[in-house]
Amino acid sequence: MDPITAVSATLATISGGIKAGKQLYAMKNEIVSFFDGVDQAKQKHSKKKNGLFASSNEEALSTFLDAQAARDSEFQLKEIIIGSRGFSAWTELQNIRKEVRQQRKAEEAQRLVDRQKKAEAFLTLAVIVLSAIALFGGVYALGFYLGWF
């Protein structure tokens, strides 16, 4: 699904939930989905803008408009939350968003370290196995040459 369509749908869900009196923590999944869509639209535009083929006007305009729609949706959510819960709720939400982003970055960094360790362990094992095969092959060839076998 297009990130902007998902953002718009999620914004409507969040707005309806807030108007119905739901607490923000009860809509955690919707809020996370909303910000994931906003971030995805912004990243997509940033990649296209800085990409090798950035001269494609149609794609650049499309990603720009998506990024603007994401920013507008984020501003609408900010107004809804500030209007219903106050500025402190928006600040708290931004702090939670920052923590989630940092946690995701840390998890991704840990996955990369784990993947690298697994690759190094596999390479070490492969070198040991190949060395053992070469050693035993050399001993066998030497024994065959000397007539031991």
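1. Arg 111 is partly exposed, at 43% relative accessibility. That label covers the range between buried, under 20% relative accessible area, and exposed, over 50% (1.4 Å probe, protein chains only). Glu 108 is also partly exposed, at 34%. The two form a salt bridge, with the closest N and O atoms 2.6 Å apart. A salt bridge here is a side-chain nitrogen of Lys or Arg within 4 Å of a carboxyl oxygen of Asp or Glu. Both residues sit in helix α4, three residues apart, so about one helical turn separates them.

2. A word on the basis. This is a predicted model, where local features need pLDDT of at least 70 and side-chain atom pairs count only at pLDDT 80 or more, while totals for chains, interfaces and linings use all residues. Residues are numbered from 1 along each chain as its sequence is written, and side-chain values use heavy atoms, with hydrogens and water left out.

3. Helix α4 spans residues 87-146. Helices (H or I, at least four residues) and strands (E, at least two) are DSSP runs, numbered from the N terminus. α4 has 60 residues and reaches 88 Å from its first C-alpha to its last, close to the 88 Å expected at 1.5 Å a residue. The expected span is 1.5 Å times one less than the number of residues. Ala 89, Trp 90, Leu 93, Arg 97 and Gly 143 are buried in α4. Gly 147 follows the helix, and its phi is positive, near 85°.

4. How many salt bridges does a search of the whole structure find? It finds four. Side chains of opposite charge can pair when their charged atoms come close. Asp 39 pairs with Arg 97, the closest N and O atoms being 2.4 Å apart. Asp 39 lies in helix α2 and Arg 97 in helix α4, so this bridge ties together parts that are 58 residues apart in sequence. Asp 39 is partly exposed at 22% relative accessibility. Arg 97 is buried, with a relative accessible area of 11%.

5. Glu 74 also forms a salt bridge with Arg 97, at 2.6 Å between the closest N and O atoms. Glu 74 belongs to helix α3 (residues 57-85) and Arg 97 to helix α4, so the link joins parts 23 residues apart in sequence. Glu 74 counts as buried, at 12% relative accessibility. Shared partners join Asp 39, Glu 74 and Arg 97 into one salt-bridge network.

6. Phe 34 and Phe 35 are both buried.

7. Three aromatic pairs turn up in a search of the whole structure. Phe 34 and Phe 35 form one that is edge-to-face, 5.3 Å centre to centre with 75° between the planes. Rings of Phe, Tyr and Trp (its six-membered ring) pair if their centres lie within 6.5 Å; planes under 30 degrees apart count as stacked, over 60 as edge-to-face and the rest as tilted. Ring pairs link Phe 34, Phe 35 and Trp 90 into a cluster.

8. Tyr 140 and Phe 144 make a stacked pair, because their planes are at 20° and their centres 6.3 Å apart. Both lie in helix α4, four residues apart, about one turn of the helix. Tyr 140 is partly exposed, at 49% relative accessible area. Phe 144 is exposed, at 55%.

9. The largest pocket holds about 450 Å³ of space. On a 1 Å grid over the protein atoms alone, a pocket is an open set of points where a 1.4 Å probe fits, with protein on both sides within 12 Å along at least five of seven lines; lining residues have an atom within 4 Å of a point. The volume is the space filled by probe spheres set on the points, which are joined across faces, edges and corners. Of its 17 lining residues, the closest to the centre are Ile 31, Val 32, Leu 93, Ile 96 and Arg 97.

10. Which helix supplies the largest share of the lining of the largest pocket? α4 does, with eight residues. α2 (28-50) and α4 each supply at least two. By class, the lining has nine nonpolar, one polar and seven charged residues. Ala, Val, Leu, Ile, Met, Phe, Trp, Tyr, Cys and Pro count as nonpolar, Asp, Glu, Lys and Arg as charged, and the others, Gly among them, as polar.
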